[in-house]
Amino acid sequence: MTTRNRLLVKGGKVVNADRSFDADVYIEDGIISQVGKNLTVPGGTRTIDASGKIVMPGGIDTHTHMQLPYMGTCAIDDFYTGTKAALAGGTTMIIDFALPFKGESPIDGFNKWKNWADPKVCCDYALHVAVSWWSQKVSDEMEELVTKHGVNSFKLYMAYKDLLMVGDLEMYETCKRSQEIGAIVLCHAENGEIIDQESKKLVKLGITGPEGHAMSRPEEVEAAATAHICMIANQLNCPLYIVHVMSKSSAKVIIEARNRGNVVYGEPIAAGLGTDGTNYWHKCWRHAAGHVMGPPLRPDPTTPEYLMRLLAGGQLECTGTDNCTFSTHQKALGKDDFTQIPNGINGVEDRMSVIWEKGVAKGILDENRFVAVTSTNAAKIFNMYPQKGVIAPGSDADIVVWDPNATRTISAKTHHQAVDFNIFEGMVCHGVTVCTISRGKVVYEDGRFTVSAGDGKYVPRKPFSNYVYDRVLKRREALKPVPVEREPYTGAVYKRKEEKPAPPASVNMHHTTSISSAGQHIESKLSPRAQNTSTKVLAPPGGRSQIQF
């Protein structure tokens, strides 16, 4: 006889994105069975006392890069340490990225990342897949990833030249194909060509420290790229999701696009909501380099609150972390050249506390909006709702018992990630995870883990999310091009003249003319034909330069 896994979370306030109410939550075999008062539960059920606490859906981090191979090294937090730390912070699911490089099979890339993740993950996960080149093979494999592997999101990079960056044709074809198969396109919006040239210029000027990273990728570059991909996606009626919105300018572009009716979503990250880019000018190289990521944090210190208010107002939808951690000695690969600093910061463990502190504790977000931007909206956009993102009968039992009044001080000395630096070092946060439940099992409680590598599972996602595609499909009909009905033209039609090819050049037309400062011809080497039509050129008065044509 199989023993059933039963759990009762009793005495707390359930907080969903739409409402808050006092209720108990009964869980059986990983699924929420009942939500309400005075529940009848079988004997022997374990009870978790949530009196005075909030009971909410586990967080969904929409943007992580665990054990990412990059710049000759590998992110130090792998799928084990990264997802274990996520659970300590109240996140019960991550969406990571499979990044096949140019010429590589998207399916092979997906399988590679999945094989890395499956034996290690402590919480549930899914995978976005990058498109870094275009061919019929890529198009076919995108459809196969959607229909057979549970992928419904594809990422485009407008940065990282020669590695992942794509041009207009690849972006156009990816958006076109995604809209056909019911997927959403994610985009890293920058300009890799501009960044490359600006970086070289700064290094030549002797600016080699982390401040050069921020100077080479200014806010206007992010905003212009955001506008560009919004235009392309809108031409094809393709839903778009802008990852790591780091600046006011980029956010404003998204707002304007949404106001025009574009189906576009914006994702600020914990780093951009909790700190700013003034850190790149810190006198300590280790501190400054620890904040290097792309796009960079913005030096305007009012940006984090501005982005938080957009989350509160619904103009931005989700929050991720872009968690991609490198230790100090890995960052030191760029100690003499900022272009060689591996890009990446932490956040997967601290996202929930930072957003609570900077949002809810400051009166910008209410508790329901907090749940929306940390969990529910992600579940809806990526088509996992109501399996994820809500506390309701039939949903996965991914639950956080949260103490809104407790505080903790963030530090690399006490966090659970493998990285030796924390961009939120010393920040005191209200809002602390008391207990995390994943798949109906208590995995973290009062600072102790009861979870093993591989306990998490891959979550396949179906295409055509209702939250996204209800609008897309309506727009498809409303904006469908219609030809104008008119009487056919019956008048005369101009006959094009046949263009005769130009005769082949029989003489060398190259010539070099030198002109003295007095405007006199000194030397002229022309073909005989050109000599007959040469023109004397005079230098400006007082000119002493020698010009060569």
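Reply: Two strands pair if DSSP finds at least two bridges between them. Helices (H or I, at least four residues) and strands (E, at least two) are DSSP runs, numbered from the N terminus. This is a predicted model, in which local features need pLDDT of at least 70 and side-chain atom pairs count only at pLDDT 80 or more, while totals for chains, interfaces and linings use all residues. Residues are numbered from 1 along each chain as its sequence is written, and side-chain values use heavy atoms, with hydrogens and water left out.

Me: What makes strand S13 and strand S14 a pair?

Reply: S13 (residues 153–157) and S14 (residues 184–188) are joined over 5 bridges in the parallel sense, and the definition asks for at least two, so they count as a pair. One of the bridges links Phe 154 to Val 185 in S14.

Me: What is the order of the strands in the open sheet?

Reply: The 7 strands follow the order S8-S11-S12-S13-S14-S15-S16, and the pairing is parallel. Strand S8 (59–64) and strand S16 (264–266) are at the edges because each has a single partner strand, which leaves one side of each without a neighbour in the sheet. From one strand to the next, the twist averages 25°.

Me: How do you know that helix H7 packs on the sheet?

Reply: Contact means heavy atoms within 4.5 Å. Helix H7 (residues 219–235) touches S13, S14, strand S15 (240–242) and S16. Its direction makes about 170° with that of S15; axes are lines fitted to C-alpha atoms, for helices over the stretch in contact, and angles run from 0 to 180 degrees between N-to-C directions. Helix H2 (residues 106–117) lies across strand S11 (91–98) and strand S12 (124–130), at about 155° to S12.

Me: Why is a space called a cavity and not a pocket?

Reply: On a 1 Å grid over the protein atoms alone, a cavity is a set of points where a 1.4 Å probe fits but cannot get out, whereas a pocket is an open set with protein on both sides within 12 Å along at least five of seven lines; lining residues have an atom within 4 Å of a point. A search of the whole structure finds 5 cavities of 30 Å³ or more. The largest cavity holds about 100 Å³, a volume being the space filled by probe spheres set on the points, with grid points joined across faces, edges and corners. Its lining has 14 residues, and Gly 290, Phe 326, Lys 331, Val 419 and Phe 421 lie nearest the centre. Helix H10 (285–290) gives the most to this lining.

Me: What is known of the largest pocket?

Reply: The largest pocket has about 400 Å³ of space. Among its 18 lining residues, Tyr 160, Lys 161, Ile 195, Arg 217 and Thr 339 lie nearest the centre. Helix H5 (192–204) supplies the largest share, 4 residues.

Me: Why is Glu 477 called exposed?

Reply: Buried means under 20% relative accessible area, exposed over 50%, and partly exposed in between (1.4 Å probe, protein chains only). Glu 477 has 57%, so it is exposed. This residue belongs to helix H15 (residues 466–478).
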